[in-house]
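Trainee: I would like to learn how to read this structure. Please take me through some of its features, one at a time.

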Amino acid sequence: MALRYGSIGNPKSFGPDLASTGRRHELIAIATAVAVLLVSFGCVRAQELATPKPSQVTLPRIEANRNLAPAGELAGGVLTVRLEIRDGEWYPEAETGPAIVVQALGEEGRALQIPGPLIRVPEGTEVRATVRNVLQKDTVRLYGLHGRPGDVREPLEISSGEIREVRFRLTAPGTYHYWATTTGRPLAGRAGMDSQLAGALIVDPPGAAVADRVFVLGLWLERAVPGFSQPIARQFAVINGKAWPYTERMTADAGQPVRWRWINTSVFDHPMHLHGAYFRVISEGDGAADVTLPVGNQRLVVTDRMPVGGTRAYTLLLEREGRWLFHCHLLTHMSPEYRHLAPTVPGSFQPAVGMHHPVLDPSGMWGMVLGLTVRPAARSATPVTSTAPARKLTLLVRQRPANDRTPAAAVFQVQEGPQPPALEAATVPGPPLVLMQGEPVEITVVNQLREPTAIHWHGIELDSYYDGVPGWGGAGETVAPAIEPGQSFVARFAPPRAGTFIYHTHWHNFLQLTGGLYGPLIVLGPGQTFDPETDKTVMISLGGADDMKSPLLLNGSAQLEPLRLKAAVKYRLRFINITPNNSGLVVSLLAGSAPVRWRAVAKDGADLPPAQVVEREARQLISVGETYDFEFEPTTRVDLRLEVLRPFNRTWAVAEVQVR
Ligand SMILES: [Cu+2]
């Protein structure tokens, strides 16, 4: 048996290292959220039906808050801020687009804001805040208006019509948040009317403030609104209150570090992915506490998973001009197909089939997506295209019909000679593309589908035009096209780094991504050769349309062949999560029920700095769009088990690992 599904039943099965890092709590929180949402969906509470619908009265318009202007008045080391919470109309897309009635925070006498007013003060400031509840009947529970560090207080409870005052002192610099609920739910369960009651709370260190920007992630699910019982539900996934293509367009200068603070007060976690460049995780927190990472422990990544309630400070290392994206890698938060969701079990995000999914933007994206234009530096960066003769590859994108063994799929195939390979020989995932660090390559992508496509070289530092974002990528007047049916596109780059990357469709529909348009992209260092005997890639994807019920696939198979290893041989194990929406998979290599030990060596294609190359328990949480490399050297003959756990519904895929 190579794979099975089952129920764990006992959270202790997540193991000691998860518990020690707090991830177990996170997983339990997600499971709790699922349960909470399950109870809430379609459940109409009698007292809420009796309340007049807010939309029957004229409601104030809610502004999208770019988090530029701090709220309140700062004088003599004291910030005085008067907040209120009331119903309003929110325009998460265009200002003339769909309007959603939600509860929102604002400063008294000013427009309501999503996210709520920015509280930003120098270290040592005392905050005197009043909060007025202007809602018709709901009681507000407000979290996070308390001192930093420590001093976590019970939530401030404010009845309808009531005003409460709170005083606290902020002495620990960092990125924090405050949030409120009117449903009594935790952050991980709050998706409807009260889902946008959150704001950034930033404490600046003494001295000149570093120029930075603050972003708050938000999710709103119509089916979480009390009383909602329609078959099709809308969803909005937003950054600072707006969904792409209406999110703010950012600009930066090549070669200048860009400092961003991110806050996730939404109901779900988000693997945030940067195109074309790496970023450093400078600090991470949970809203109440923020930890600045020692330089040696900062992660260099292209994808960072922001847990529910999490905060981050990032430094982006942008060297190349052009238009780039920073976006959540969950399909449900970045594909226009997910603006409307079909009724299904909570935690499963199926696009509503048959709905019109207008493409709002030629990039084909939507939602939690930020556009970033990098202006060229006076002194140009290391060229990524080289004058050396390029290695030429032809990559076919084809439709493979179903047969009695395999379902229909969109597939990648490499064409070696003048004739295309037999379609029946196509595999999902696509074949590993093995490139050499610094060696120029020209990949001709030939689209043989009946619809357009675009291919993204995930994690590769390259020129924007070749990055695979149609209608957006490129610099100046030059805009990358979609690859129309029957057309081809030549992607040119010279990967500057050796490591584990991904190539996948950036034509963000469910069909192409779940249909098989993904594959490992492996870049070798100078002098290295690829030895499939000792270099093992495990690409995790989804075998079907249902995030919860469809099986996890390991290298495209629900029945992965046992991995056969030899004792006293050093292996490189490369793990890739390219599922559409399974954001918190846990990979373990187990002897019995205990993890063996492996050595972490790379993340997202970047070698770890020496301080992070450590031997540790063979267990890793891996989010969508992340890659992790480990070295593993089995010492004795033993039967091991590679397990990929989907904590959301406690199912897993398992492959045997035989050490001989
Ligand atoms: Cu997301």
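Mentor: Start with burial: a residue counts as buried if its relative accessible area is under 20%, and as exposed if that area is over 50%. Keep in mind that this is a predicted model.

Trainee: How many residues of the protein chain count as buried?

Mentor: The protein chain has 660 residues, and 58% of them count as buried. Its accessible surface is about 25300 Å², with 53% belonging to carbon and sulfur atoms.

Trainee: How many helices and strands are there?

Mentor: The protein chain contains four helices and 46 strands. Among contacts with a separation of 6 or more, 74% are between residues 24 or more positions apart.

Trainee: How many aromatic pairs does the structure hold, and how is a pair read?

Mentor: Two rings pair if their centres lie within 6.5 Å; planes under 30 degrees apart count as stacked and those over 60 as edge-to-face. The structure holds 22 aromatic pairs. One of them joins tyrosine 314 and phenylalanine 326, with 6.2 Å from centre to centre and 70° between the planes, which makes the pair edge-to-face.

Trainee: Which parts does the pair of tyrosine 314 and phenylalanine 326 tie together?

Mentor: Tyrosine 314 belongs to strand 22 (residues 311-316) and phenylalanine 326 to strand 23 (residues 322-328), so the pair ties together parts twelve residues apart in sequence.

Trainee: Are tyrosine 314 and phenylalanine 326 buried or exposed?

Mentor: Both tyrosine 314 and phenylalanine 326 are buried. Now take tryptophan 457 and tyrosine 503: their ring centres are 6.2 Å apart and their planes meet at 20°, so this pair is stacked. Tryptophan 457 lies in strand 30 (residues 455-458) and tyrosine 503 in strand 32 (residues 499-505), so the parts tied together are 46 residues apart in sequence.

Trainee: Why do tryptophan 457 and tyrosine 503 count as buried?

Mentor: Tryptophan 457 counts as buried because its relative accessibility is 1%. Tyrosine 503 is buried because its relative accessible area is 0%.

Trainee: Which residues form an aromatic cluster?

Mentor: Phe215, Trp260, Trp262, Phe279, Tyr314 and Phe326 form one aromatic cluster.

Trainee: Where does a charged end sit over a ring?

Mentor: The charged end of arginine 497 is over the ring of tyrosine 278, at 4.2 Å from the centre of that ring. Likewise, arginine 61 lies over the face of tyrosine 91, and the distance to the ring centre is 3.8 Å.

Trainee: What should I look for in the backbone?

Mentor: Most peptide bonds are trans, and most residues other than glycine have a negative phi. Here, the bond from arginine 148 to proline 149 is cis, with omega near 5°. Proline 149 is in the loop between strand 8 (140-143) and strand 9 (156-158). The bond from tryptophan 244 to proline 245 is also cis, with omega near 10°, and proline 245 lies in the loop between strand 14 (233-239) and strand 15 (249-253).

Trainee: Which residue other than glycine has a positive phi near 60°?

Mentor: Aspartate 604 has that phi; its place is the loop between strand 40 (597-603) and strand 41 (606-607). Aspartate 604 is buried because its relative accessible area is 2%. Alanine 568, not a glycine either, has a positive phi of about 65°. Alanine 568 is in the loop between strand 36 (563-565) and strand 37 (571-577), and it counts as exposed because its relative accessibility is 57%.

Terms used. Residues are numbered from 1 along each chain as its sequence is written. This is a predicted model: local features need pLDDT of at least 70, side-chain atom pairs count only at pLDDT 80 or more; totals for chains, interfaces and linings use all residues. Side-chain values use heavy atoms; hydrogens and water are left out. Helices (H or I, at least four residues) and strands (E, at least two) are DSSP runs, numbered from the N terminus. Buried means under 20% relative accessible area, exposed over 50%, partly exposed in between (1.4 Å probe, protein chains only). Contact means heavy atoms within 4.5 Å. Accessible areas come from the Shrake-Rupley method with a 1.4 Å probe; for residues, only the protein chains shown count as cover. Rings of Phe, Tyr and Trp (its six-membered ring) pair if their centres lie within 6.5 Å; planes under 30 degrees apart count as stacked, over 60 as edge-to-face and the rest as tilted. A charge sits over a ring if NZ of Lys or CZ of Arg is within 6 Å of the ring centre and within 35 degrees of the ring normal.
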